[in-house]
Amino acid sequence: MKEARTRQANEPLIFHKKMTKQGIEMSFKNNLECTLAKDKYTATTYDSFSALAIAVRDRIVERWIATQQRYHKENSKRVYYLSLEFLIGRLLGNNILNLGLMKEIEEALSDLGYNLEDLREEERDAGLGNGGLGRLAACFLDSMATLGIPAHGYGIRYDYGIFNQKIINGRQVELPDEWLWLGNPWEFARPEYTVKVRFYGHTYIFADKEGKMRVNWVDTQDVVAMPYDIPVPGYRNDIVNTLRLWSARSTEEFDLDYFNHGDYEQAAYNKVLSENISKVLYPNDDVSRGRELRLKQEYFFTAASMSDIVRRFKAENKDFKVFPDKVAVQLNDTHPSLAIAELMRLLIDEEKLDWDTAWDIVVRTFAYTNHTVMPEALECWPVPMFENLLPRHLQLIYEINIRFLREVATKFPGDTDRIKRMSIIEEGDPKKIRMAFLSVIGSHSVNGVSELHFKLIKSEIFKDFYELWPDKFNCKTNGITQRRWLLKANTGLSDLVTSAIGEGWTTDLYEMKKLIDFKDDASFREKWQKVKADNKVFLADYIEKTTGIVVNPASLFDVQVKRIHEYKRQLLFSFYVISQYLRLKENPNAEVLPRTFIFGGKAAPGYFMAKLIIKFINNVAQVINNDKTIKDKLKVVFLENYRVSLAEKIFPASELSEQISTAGTEASGTGCMKFMINGALTIGTLDGANIEIAEAVGKDNIFIFGLKADEIHNLRLRGYKPEAYIERSPMLHEIFRLIKSDFFSVAEAGIFNPIVQSLAAADTFFVCADFDLYCVAQDIVSKAYLNKTDWTKKSIINVARSGKFSSDRTIVEYARDIWNVPVPK
């Protein structure tokens, strides 16, 4: 395909779309009439959103083309970020912000009789992720574009993203997330760059013309990967990178023979089967077909992405030996790890390189980020399933493993147990492929995402590998983009900050340290308090509108919003809520700080206990909220369908951030950083990024409690007996008694027995051991909150010390230490 003409060095950048109020008005009217074929009588609110989105998009596109031409002309080294999730949320507000057009667009819409917030609410969240992993990927794309790093994201364009959550009778009900049903104004189909992805079939060995042994993979079932590109603009720098998402298409629309014989369903069978690959995020892998579909998804997007990367490299280069000098591929957890085997296949089978040369290229190209300490998240695939689906890749993985184990045997002679522990192939019935091990072996860099996580990687998760290759391992603490999570989400606070210290913090979060000088300024503190109060009123109105629950904006907004999982300990938070209720029931005049307890998050559809926890929270809420003797002192809210756009409403209003996972279970967590940057104080364990937040703000400005990771480990080794903690704690004992007596489930006797039984028998995540310590910490919170001056100072200090937790800082470290790409100043 002919490459587009590149701009000459002496040609100035000329953008034709005017960045003025008048230009926006003209584009809006033209888009409504000529692109959408609507007038003021027939246009819906969604049409008006689309007209505005296209006007914004057109201004991005001019910069996008110029950016890509420059990358091509300079033959820049590019970063390719492979992730099964990209939780990008809504894009209109973010894109307006990054173009620097907020004022012009608000004025243009006002002249036209529209309100920007009304139009922004029309956009559906692109829920292409499940939680922190996908949101981190989105923050990283924003930072790479803002820093001017040539980068591309690669993922899947799911027809249905993370499900829409409805709470019915307290239970989570999953509904399809049809985020594309009205189209997506930000994406561009690129049919000219489709890739054929192969599955199944078999292989045979043959000698080529030079007598070298080659492998051919034949009789495959093929699927077409159709790319859709979404531009990713940097913050006010005219740089636009690309997120390329792959959609599965059948190689044949339907079988005409079946159709002609009247079997219309069978005629379209192959088309439906092929396109299932990109149908839904995370198919239920409780059944064999679901597991195979998940493996298909992972290979589908990695194969398409690696083919695309090689195509782009070959358009600008001829010698594959320079491939790692032009290409850096970052694996966002183990999901894309098949890219390692796929690049080996491309280099050996397609490009005819010898093994040693190909393997050297692969290792110098790939880097792997591990995101978990949970064993179930370290993916393993049954060999029989893998061999059936990807026979050539199994051969390559076996060969990689054999050569690797020889290296281990040489370094540690006679240590057969070590060889067994480090093998990519886990022995058993059936044998399994340990994808995390493939990722470590096939990458030149393996990084953890917080200091504690890095220690656990070295001492537990990949201990053997660290002993073999200590220089391969490093830490890159996660971060968030302050532009999305403060500048956009909390305009009141961002305006106040900018009025005090200037706008430098938008691209250098360390500038926030200047706020320290304002913590003793009474006038500034008063403005800070007003911003928080206004945000709380806004969230209270949203809560009443969506749930019917009236909450007291003057109460402490105590919030835990995140994926529902036992290790994140929503149960611990729930038990504290119950303890406060019981204190008031025992003495209605007790000194209990008024609190609004806010929960939010989704449980995996097949995760029974997590879904039961949601039911438990909602039943507890029903009891407390309907008890008139409690008045406004306590309210419990579960906000359904937690997503990016809802998070942007919650974080600015939050005052206490619940980061209470069991120590040693959270790799990093980024929700804690979003709360912090919005002025909430943290109550948490010494887990994940909490440790680094505590170091940044000082022990007096965070509420730390609970057993440490090493104490958890030692207690587990000694034999943890949760019953002893239950008996030792009168409050915890009473809570268990109430649950067992169906106090929170009068109409559904015994429904919460699994919770009680699980905690009493095993308590895998040490809820009982930490409960009393947690309550003591919460008492300290209550006393601190009563002193508004000191609480506000602590809030200011938290924001002022947030500099380290910008994804800009994280990406600079990746670029410098792993990718070897320059960061333009």
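**Helix pairs and salt bridges**

Me: Hi! Let's start with α12 and α13. How do their axes run relative to each other?
Reply: Happy to look. In this predicted model, helix α12 (residues 338–350) and helix α13 (residues 355–365) have axes that come within 9 Å and cross at roughly 140°. That angle makes α12 oblique to α13.

Me: Is that crossing left-handed or right-handed?
Reply: α12 passes α13 in a right-handed crossing.

Me: Which residues meet there?
Reply: From α12 you have I340, L343, M344, L347 and I348, and they meet W355, A358, W359, I361, V362 and T365 of α13. Sorted by class, the contact has 10 nonpolar residues, one polar and no charged ones.

Me: Nice. And α1 with α2, how do those axes cross?
Reply: Helix α1 (residues 21–35) and helix α2 (residues 45–74) have axes that come within 8 Å, crossing at roughly 120°. So α1 is oblique to α2, and the crossing is right-handed.

Me: Which residues make up that contact?
Reply: On the α1 side they are G23, I24, S27, F28, N31, L32 and T35, and on the α2 side D47, S48, A51, L52, I54, A55, D58 and R59. By class, the contact of α1 with α2 has seven nonpolar, five polar and three charged residues.

Me: Changing topic: how many salt bridges does the whole structure have?
Reply: A search of the whole structure turns up 61. One of them joins D159 and K279, whose closest N and O atoms are 3.2 Å apart.

Me: Where do D159 and K279 sit?
Reply: D159 is in the loop between β4 (151–156) and β5 (164–168), while K279 is in the loop between α9 (269–275) and α10 (288–316), so the pair ties together parts 120 residues apart in sequence.

Me: What about K804 and E692, how do their side chains meet?
Reply: They form a salt bridge, 2.9 Å from N to O. The pair links distant parts of the chain, with K804 in the loop between α33 (788–800) and α34 (807–819), E692 in helix α27 (residues 690–697), and 112 residues separating them.

Me: Where are K530 and D534?
Reply: Both lie in helix α22 (residues 522–547), four residues apart, which is about one turn of the helix. K530 counts as exposed at 51% relative accessibility, and D534 as partly exposed at 41%.

Me: Which residues are linked in a network of salt bridges?
Reply: R190, D229, R244, D308, R311 and R312 are linked that way.

Me: What does T242 touch?
Reply: Leaving aside residues up to four places away in sequence, T242 touches W64, Q68, A151, H152, G153, D229, I230 and V232.

Notes. Residues are numbered from 1 along each chain as its sequence is written. This is a predicted model: local features need pLDDT of at least 70, side-chain atom pairs count only at pLDDT 80 or more; totals for chains, interfaces and linings use all residues. Side-chain values use heavy atoms; hydrogens and water are left out. Axes are lines fitted to C-alpha atoms, for helices over the stretch in contact, and angles run from 0 to 180 degrees between N-to-C directions. Helices (H or I, at least four residues) and strands (E, at least two) are DSSP runs, numbered from the N terminus. Angles under 35 degrees count as roughly parallel, over 145 as roughly antiparallel, 65 to 115 as roughly perpendicular and the rest as oblique. A crossing is left-handed if the near helix is turned anticlockwise from the far one by less than a right angle, and right-handed if clockwise. Contact means heavy atoms within 4.5 Å. Ala, Val, Leu, Ile, Met, Phe, Trp, Tyr, Cys and Pro count as nonpolar, Asp, Glu, Lys and Arg as charged, and the others, Gly among them, as polar. A salt bridge is a side-chain nitrogen of Lys or Arg within 4 Å of a carboxyl oxygen of Asp or Glu. Buried means under 20% relative accessible area, exposed over 50%, partly exposed in between (1.4 Å probe, protein chains only).
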